[in-house]
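Dear colleague,

Please find the structure below, together with its sequence.

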Amino acid sequence: MSDTHAQTAPYVRESMIAQQPPPLKEAGAVKWVRENLFPTWLNGLMTLIAIYVVWVVLSHLVPWFVSPTWTATSLSNCREILAASGDAASKACWGVIRDRWEQLLFGFYPSEFYWRPTLALVVMLLGLGPVLFGNFPRWFMGFSLASPFLIFFLIWGGPIWLPIAVALGFVLGVFAFRALVGVNQIVGVIAAILVPVLYWLFVMGPLVDTLASIAPIGLESVRSNQLGGFLLSVVIGVSAIVLSLPLGIILALGRASDLFIVTKLSVGFIEIIRGVPLIVWLFTASLLLNYFLPPGTNFDLTLRVIIMVTLFSAAYIAEVVRGGLAAVPKGQYEGADSLGLSYWQSMQLIVLPQALKISIPGIVNTFIGLFKDTTLVLFIGLLDPLGLTNAIRASTDWNGVYWELFVFIGVLFFIACFSMGRYSLHLEKKLQRENR
């Protein structure tokens, strides 16, 4: 049989043919479009409708965003530039962002000290590195523990002895816990709380004043009412996130405890905090809290807000973690008991890691909502980014500007919240790989 006949006759092929590329409709972009956009006639129709809607929206938005007004110095100047372009009705006035972006970011923070919150942001990111990713030397964890006190010193200034004295309180709490935990675990926990609180209330103030008089080292102080803009949202949001997670875990363990008093106290705290809107608690921190303080006490409003937002977030974190604890199989608890582990050892080594892994989406979702809720401080007189928009639009130069400011603020919050969401996905994938 000839080779030509062997190549053309069916079922009698005796030689290999050269490799051929796949059909055009079964490879590359054409295949993706067929499978994802036009798999059926109904899906194809919906795709065409969606493309038309997107085109209509973009045809109105893109001309508004693409505006030659970045160099404008006032709203009237914007209108002059837009009138010269011949399409004044459909263009944004971006000159307000160029003119007031520093105020939107830093509020009324002194301009000569902008380097301090900028450096504090760098310190925060470096300090969170070992906690979030873990690919750092062990000695770098010391920097992470010191970073909150360094951030406080950079933003608020004052004598350097104040953050050092505050950190000393935590050290005393650790020593008190280690000294008394051998006697009784409950006694050790109570001592770890009472010793720092008593130190901060009665010893820290005179100690800081004495050290400052002997060695006046520090930065120029910045009042809390000078904080504003996105800086204020970051300070409140990050502080509440960092503090509410351990407090929420403790509340979740307390609610799941077999001790009657601990359980009832935890349940009462969680239900009371969750049952009242955050804005009510902010008004409580702003107005009512002063009635319960000794006369002449000057309790910083920003600190009061941070405490209240932390407590509010901790109540929600507690319920998320409690759901994770309930999802851990009962056999894990029984396995820990069979190994002779104590309650704290079983929680630290076996139960809590699994519960926190299960709770990651809920925890991050709570943090994202908390960060966005920092804009509610506008109603108690703190000038967050939304509060500053009113101040900017009250000026004669920018009276009438509206959407441009909110678009800029929305982009800032989107970047922060999107980053938290992406980290959540990264952490979930990482833990799934480690368990395989």
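The domain assignment of the protein chain gives two entries, domain 1 (158-219) and domain 2 (226-435), where the bounds come from an automatic or database domain assignment. The centres of domain 1 and domain 2, taken over C-alpha atoms, are separated by 25 Å.

Before going on, please keep in mind that this is a predicted model, in which local features need pLDDT of at least 70 and side-chain atom pairs count only at pLDDT 80 or more, while totals for chains, interfaces and linings use all residues. Residues are numbered from 1 along each chain as its sequence is written, and side-chain values use heavy atoms, with hydrogens and water left out.

Next come the salt bridges. A salt bridge here is a side-chain nitrogen of Lys or Arg within 4 Å of a carboxyl oxygen of Asp or Glu, and by this rule the count comes to six. One of them links Glu 319 and Arg 255, at 2.8 Å from N to O. Glu 319 lies in helix H13 and Arg 255 in helix H10 (residues 229-255), so this pair ties together parts that are 64 residues apart in sequence; helices are DSSP runs of H or I with at least four residues, numbered from the N terminus. Glu 319 also meets Arg 274 in a salt bridge, at 3.9 Å from N to O. Because Arg 274 lies in helix H11, this second pair ties together parts that are 45 residues apart in sequence. Through shared partners, salt bridges join Arg 255, Glu 271, Arg 274, Glu 319 and Arg 322 into one network.

Glu 319 counts as buried at 16%, whereas Arg 274, at 30%, counts as partly exposed.

Another salt bridge pairs Asp 99 with Arg 100, whose closest N and O atoms are 3.3 Å apart. Asp 99 is partly exposed at 36%, and Arg 100 is buried at 18%.

Finally, in helix H12 (residues 278-286), the buried residues are Leu 278, Trp 281, Leu 282, Thr 284, Ala 285 and Ser 286. What covers them includes helix H11 (260-274), helix H13 (301-327) and helix H15 (343-373).

How values were computed:
Buried < 20%, exposed > 50% of the residue type's maximum accessible area, 1.4 Å probe, protein only. Helix = DSSP H or I, 4+ residues; strand = E, 2+ residues; numbered from the N terminus. Contact = heavy atoms within 4.5 Å.
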